Amino acid sequence: MNAKGHIAIFLAASVCIVNGAALDTNRIEQLTGLKGTMNKEEGVFKVSAPRNDVKIAVDGWTMPPFMGLTSWAAFMPGVKGEAMVMGDLVLMQDEVNPVMSAALDDGLEVTALHNHFFFDEPKVYFMHIDGEGTTEQLAKAIRAALDIVKQVRAGKRQPAQSFGTSSFPPKSSITANALQEVLGAKGEAKDGIFKAVFGRSVKMPCGCEVGKEMGVNTWAAFAGADDNAVVDGDFVVLEDELQPTLKSLRKSGINIVAIHHHMIGEEPRVIFFHYWGRGSAKDLANAVKAALALTKTKH
């Protein structure tokens, strides 16, 4: 066989054709820096990266990556775009938010963030992602997210035990009126802590309409001092509001700590995510306000 014949065989092996659409598997491996496997029945090409750079114990047992500690991304031909990708990234606590920012900035969607284990040491979180676009764009986005992991771990092999922020005031003294003015809503104050709650409503399978007091709400609680505060809380968002609000809070330096659902069968479907931030109380309130403005929540 001549050289041209060998090249033709190589190209055929590196391109998967499904329903008339081509998926360049060789290019995906090249761009992600990961080896992959093809499932011909489903037309899916999957690359994976086991987390063997950090020893992780669950209930005192050092767990091999094969037991569920492997980041992966699966590619298939898209409908609106050339390709689509879905995946799950295995992350330490100090990797989650830098990786999330990279994923969002590169056109991926972050669809869930949660734990898979109890009594894991160090604590491990799983970030689910998806996206649709060109093979080049999606593969580069996966690579960028995984490169952030390497950058974080290159600085310190063992995951951080805190956000690394400044010391916290021993007693809270938040000025409630200033935050109420920023948020445009009344709240509650207790022991120097201020909390504001914003309700939404959904209809449950029983036909009941439930709202703020039944737990369908966005809230923000501020503690510490006006110039050295912490905010934590919960956002309730429609599915098409999730990505814009995540992007907004991340650009404001707010950490996202969980993304999941609280109910099943509700109409419309809503997603909840929890967050944590440090800074001046006013800056934190403005960050919450900016994200809240991207939702249909009644202020």
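Predicted model: local features only at pLDDT ≥ 70, side-chain atom pairs only at ≥ 80, totals over all residues.
Residues are numbered from 1 along each chain as its sequence is written. Local features need pLDDT of at least 70 and side-chain atom pairs count only at pLDDT 80 or more, while totals for chains, interfaces and linings use all residues.

**Helix pair**

Helices here are DSSP runs (H or I, at least four residues), numbered from the N terminus. The axes of helix 6 (residues 242-251) and helix 7 (residues 281-292) come within 8 Å and cross at roughly 160 degrees; axes are lines fitted to C-alpha atoms over the stretch in contact, with angles from 0 to 180 degrees between N-to-C directions. The two helices, helix 6 and helix 7, are therefore roughly antiparallel (over 145 degrees). Contact means heavy atoms within 4.5 Å.

| Helix | Residues | Residues making the contact |
|---|---|---|
| Helix 6 | 242-251 | Thr-245, Ser-248, Leu-249 |
| Helix 7 | 281-292 | Ala-287, Val-288, Ala-290, Ala-291 |

**Cores**

A nonpolar core is a set of buried Ala, Val, Leu, Ile, Met, Phe, Trp, Tyr and Cys residues joined through side-chain atoms within 4.5 Å, where buried means under 20% relative accessible area (1.4 Å probe, protein chains only). The largest such core has 65 residues, and Phe-75, Met-127, Phe-222 and Ile-259 have the most contacts inside it. Helix 4 (residues 135-155) gives the most to this core, with 9 residues. A second, separate core of 10 residues includes Val-58, Met-63, Val-90 and Met-92.

**Leu-242**

Leu-242 lies in helix 6 and is buried, at 4% relative accessible area. Beyond four places in sequence, Leu-242 touches Val-110, Thr-111, Val-237, Ile-259, Ile-271 and Phe-273. Its C-alpha atom is separated by 8.7 Å from that of Phe-273, 31 residues apart along the chain.

Notes:
Heavy atoms only, no water. Parallel < 35°, antiparallel > 145°, perpendicular 65-115°, else oblique. Buried < 20%, exposed > 50% of the residue type's maximum accessible area, 1.4 Å probe, protein only.
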